[in-house]
Amino acid sequence: MLKQHYPIAIAGGGPTGLTLANLLGVYGIECLLLERNAATVHEPRAVSIDDESLRTMQAAGLAGEVLSQTVAGYGSHYYSAAGRCFAKVQPTEEPFGFPRRNAFRQPILERQLREALDRFSHVTAAFRHELTSFEQASDGVLLRLHDPWGGPLEVGCDYLIACDGASSPVRKSLGIAMSGSTFRERWLIIDLENSPSASPHTKVYSNPKRPCIALPGPENTRRYEFMLHDHETDDEMLAPDMIAHLMETHEAAPQSRIVRKTVYTFHARLAERWSEGRVFLAGDAAHLTPPFAGQGMNSGLRDANNLAWKLAAVTRRQLGPKLLASYEPERRDHAWAMIKFALNIGRVLAPPNAFVAWAIETMFRVLSLVLPARDYIAQMKFKPPPRFAQGFLVPDGEDVRHTLVGRLFPQPRIGGVPLDDLLGPGFSLVVRSERAAAVLPMLSGDPWRTLDARVVTMPLAAGGPRLARFNDHVLLLRPDRYVAACMKVDDLALGAEKVARMIAATV
Ligand SMILES: Cc1cc2nc3c(=O)[nH]c(=O)nc-3n(C[C@H](O)[C@H](O)[C@H](O)COP(=O)(O)OP(=O)(O)OC[C@H]3O[C@@H](n4cnc5c(N)ncnc54)[C@H](O)[C@@H]3O)c2cc1C
């Protein structure tokens, strides 16, 4: 039985919607999740989850469970058509508290996320419920649903979050177009079980004749992704003989069992607007990313992480509703940067001809002779960093390369405990100062009381040399762990004034 009204309704029980529902559950916000299917997906889709998403799982209280089904910390090795390895991307650093690249299985993650919703009596997961249409008014959204018994049903909500996937019916009914790049490629995806591989790392065949990525997964699973050329039809590439030939020529273990083969067409696009009135788009509904960087789902999880605490703060009237207007400016540029990142990786793995392939290989070989360049590639420092330049933040006048404001804060361990576990689910004030005892009394009044910010003292040595510039500072972290303000201890009163103004602007 559904209620007549929910503060938040989520359309779509894919990874974005399920993560959002879990985070709202943690924040204690009542919400309704609608999914038209009877169950979460069975077929393999995403196979790579990054450190930022694992940190989001930590916020949802699920890091341990998700990690138990994940092969943590795998790299990518790039091979030329002649079989020479010319680049290794194998990050070892863990700035956000988790390995940067990890192999996982989307169906398992979705099942874990769905089961985790049972923890919350205030979260209703309504599977076999399809959102058929909606109407917005100034004070809410009316949803029309089809329930499993075929009955039309009406439910109200304050905000509707459309996590309804690439072909988002909600986005279409709002008349919001997708735009961006003309990129459109067909890839043959083959998922294998019982397919042990010699190396735990992704093997990228940068072969203009047949670009291919082979990704080992948990429990001897393996994903192959082959680029198709324009003249090749789906049917001829899916034929058993062709599949057997591709497996043989790309080192699949002979005993491998094919669990799925399909042709996907990948796009690189952004929705022209990410919201209209009380309706917000998130995940594939807002952006489509080619899979080469393994970022489609990870981008959707960033959306959920960005929206969840804002919806919670607005619902409990801690902050005003204009806070929600910061969602798109904070997320849009980063989502586009991830799309461009994926397209660039696509250029390396799928060179158009032998000459370009040779040029790319040579460039990487030269770069590998230079230590900082080798480190830049190996540590994946070319991945767009999690940061934004505008939104719910107080600029500190530093240039974009140096400021901490708008960046995802690192997650060191303090006394063996991951920082986020000390911070808790809300806002926090991280004090980095030898004068901490004198600073703490200054953090008890407003605006910190409005934000209900938890004060945590961070030893100066924690966080490594990168944070040394921010000794004798107090940092305001948002619930999504992005830095909203960076204040010198001596300028705390001024910082408090600016934060109070930022809060007032949300009303
Ligand atoms: C082959 C392949 C490989 C990929 N590899 C990676 C990877 O390695 N890493 C990565 O990060 N991403 C990867 N992706 C992308 C990733 O799978 C998607 O980005 C992700 O599934 C998007 O999640 P979502 O929740 O936004 O949308 P979806 O997973 O599409 O979920 C949308 C849900 O909404 C439901 N729905 C739709 N309309 C309604 C309605 N009207 N009412 C109720 N429910 C509705 C649908 O049934 C569906 O369950 C890959 C994708 C593919 C296809």
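Predicted model: local features only at pLDDT ≥ 70, side-chain atom pairs only at ≥ 80, totals over all residues.
**Entry 1: α2 and α8**

I started with this pair and saw that α2 passes α8 in a left-handed crossing.

Next I looked up where the two helices sit in the chain. Helix α2 covers residues 51–59 and helix α8 covers residues 296–315. I noted an angle of about 40° for their packing, and their axes are 9 Å apart. Angles under 35 degrees would count as roughly parallel, so I wrote this pair down as oblique to each other.

Then I went through who touches whom. On the α2 side I listed E52, S53, T56 and A59. On the α8 side the contact is made by N298, L301, R302 and N305. Sorting the residues of this contact by class gave me 2 nonpolar, 4 polar and 2 charged.

**Entry 2: α1 and α4**

Here I turned to helix α1, residues 15–27, and helix α4, residues 106–116. How far apart are their axes, and at what angle do they pack? I found 9 Å for the axes and an angle of about 30°. That is under the 35 degrees cut-off, so α1 and α4 go into my notes as roughly parallel to each other.

I also checked the handedness: α1 passes α4 in a left-handed crossing. From α1, the contact draws on P15, L18, T19 and N22. From α4, I wrote down Q106, L109, E110, L113, R114 and A116. By class, I have 5 nonpolar, 3 polar and 2 charged residues for the contact of α1 with α4.

Note on methods. Residues numbered from 1 in each chain as written. Axes fitted to C-alpha atoms, helices over the stretch in contact; angles between N-to-C directions. Helix = DSSP H or I, 4+ residues; strand = E, 2+ residues; numbered from the N terminus. Parallel < 35°, antiparallel > 145°, perpendicular 65-115°, else oblique. Left-handed = near helix turned anticlockwise from the far one by under 90°. Contact = placed C-beta atoms within 7 Å. Nonpolar A, V, L, I, M, F, W, Y, C, P; charged D, E, K, R; others polar.
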